[in-house]
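I opened this notebook to record what I looked up in the model. The entries follow in the order in which I made them.

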Amino acid sequence: KQTHHFAHYNSRVSCKHVAETNAHIWAKDVLEREKRLVIPAVIAEHDGNTHEVSPARIHAFAHARLEKRLGTIVPDVILETASGAQLIVEVRVTHASEEAKLETLHRDNLSAIEIDLRRFRTSSDRQAVEEALLTDAPREWLSNAKQAIFDERLRNRLEAAEARKAKEAEARTKRLRLAEQEKERRAREQVERSVRTLTQAIRDQPAFVQELPDFVAGIMHEF
């Protein structure tokens, strides 16, 4: 009985290990066969601002290489376009990509995504695993060779927008200042016209002028 008990326990561990391994193998196999998958949206970032460069979409590749050394790392899959652009695909069934691998990806400016298949860790449904990997399993960029370019473009766009706003604000302030100056000029002209009209009216009445105080007479001589 005791022998049977341990045999059953070991069998369960073995089955779990095989299922976990299968999920990883099937994921790589389907990429080698299909050479297509949904890549995540590309998001540019700068100073808390984001801009979607391209949405998540299905991308087709010309070639697929499984676990081939690339410099100091061995990616799960390397997909390659007809023009030679490469995308590394890491399949996460248990652990996320190691920090050392992430540092290498960034240092060597490589494009890589990670697809999360942890929910299929013990799955025996190959079709479900393959479909999830190709389309709807969670995925994210580990590194994007063009990320710095996208971020720089966003930074330039934001700075240009800020400069444009500052210029527009300056022009608006200038227009308001000129409008206020024009308003003041018109007000002065109106006062001057009124004074001239009044002065002329007074001059037309000689007897009245003689009765004006000296300071009023002085004002009249100004016009």
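**Entry 1: K28**

I looked up K28 and found that it counts as buried because its relative accessibility is 10% (buried is under 20% relative accessible area, exposed over 50%, partly exposed in between, with a 1.4 Å probe and protein chains only). The model is predicted, so I note that local features need pLDDT of at least 70, side-chain atom pairs count only at pLDDT 80 or more, and totals for chains, interfaces and linings use all residues. Residues are numbered from 1 along each chain as its sequence is written, and side-chain values use heavy atoms, with hydrogens and water left out. K28 lies in helix α1, residues 2-34 (helices are DSSP runs of H or I, at least four residues, and strands are runs of E, at least two, numbered from the N terminus). Setting aside residues up to four places away in sequence, I listed L66, E67, D76 and V77 as touching K28 (contact means heavy atoms within 4.5 Å).

**Entry 2: L133**

I then turned to L133, which is placed in helix α3, residues 126-136. L133 counts as buried because its relative accessibility is 0%. Leaving out neighbours within four places in sequence, I found L133 in contact with A27, V30, L31, L37, V91, I115, L117 and R139. Between L133 and A27 the C-alpha to C-alpha distance is 6.2 Å, although 106 residues separate them in sequence.
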